[in-house]
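Work through the exercises below with the sequence and the model at hand. Each task is followed by a solution in steps.

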Amino acid sequence: YEYAGFFLNTLAGRSYLLRRNSRQRILTNYYSILILDRANEETLNRHGIDIIPHIDFLSSEITTQRGLIYKKQYLATLDSLKEKYRAP
């Protein structure tokens with residue numbers, strides 16, 4: 001949880017990921033979002049990190065990425081998370 005929050009929510013974490021290649025950055029962001037989703041489900045998101053903007057950004061980044069093997073599955077999971085967090 002701490003590392004997922006670091007990568008998604010801090011300037012240092014974002015800067016670190018920008019120095020990596022696009023696939024590593026995408027996968028790190030993807031799994032960080034999944035970790036924070038799990039933390040939300042178990043009410044363990046003690047820093048209150050909002051993942052909705054990260055979901056939107058990552059969806060567009062995955063859409064433009066070439067050569068990502070499980071691209072459809074990643075997008076399907078992100079779409080289900082969008083619906084989950086946008087529902088009233």
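**Exercise 1.** Determine which residues of α3 are buried, and which helices they pack against.

Solution. The model is predicted, and burial here means under 20% relative accessible area. Step one: by that cut-off the buried residues in α3 are Arg25, Ile26, Asn29, Tyr30, Ser32, Ile33, Leu36, Asp37 and Ala39. Step two: these buried residues pack against α1 (2-9), α2 (11-18), α4 (52-64) and α5 (71-86).

**Exercise 2.** Classify Thr77 as buried, partly exposed or exposed, and find its partners from elsewhere in the sequence.

Solution. Step one: Thr77 is part of helix α5. Step two: its relative accessibility is 25%; partly exposed residues fall between the 20% limit for buried and the 50% limit for exposed, so Thr77 counts as partly exposed. Step three: setting aside neighbours within four places in sequence, Thr77 is in contact with Tyr30 and Leu34. Step four: Tyr30 is 47 residues away along the chain, and the two C-alpha atoms are separated by 9.5 Å. Tyr30 is also one of the buried residues of α3.

**Exercise 3.** Is Gln65 buried or exposed, and which residues does it touch?

Solution. Step one: Gln65 sits in the loop between α4 and α5. Step two: its relative accessibility is 12%, so Gln65 counts as buried. Step three: not counting residues up to four places away in sequence, Gln65 touches Ser22, Arg23, Ile26 and Lys71. Among them, Ile26 is a buried residue of α3.

**Exercise 4.** Describe the overall fold and test its radius of gyration against that of a compact globule.

Solution. Step one: the protein chain has 5 helices and 0 strands, in the order α-α-α-α-α from the N terminus. Step two: a compact globule with 88 residues would have a radius of gyration near 12 Å; the chain has 13 Å, which agrees. Step three: along its principal axes the C-alpha trace spans about 35 × 30 × 15 Å. Step four: of contacts between residues at least 6 apart in sequence, 62% join residues at least 24 apart. Step five: buried residues make up 34% of the 88 residues.

Technical notes:
Residues numbered from 1 in each chain as written. Predicted model: local features only at pLDDT ≥ 70, side-chain atom pairs only at ≥ 80, totals over all residues. Heavy atoms only, no water. Helix = DSSP H or I, 4+ residues; strand = E, 2+ residues; numbered from the N terminus. Rg over C-alpha atoms; globule rule 2.2 N^0.38 Å. Buried < 20%, exposed > 50% of the residue type's maximum accessible area, 1.4 Å probe, protein only. Contact = heavy atoms within 4.5 Å.
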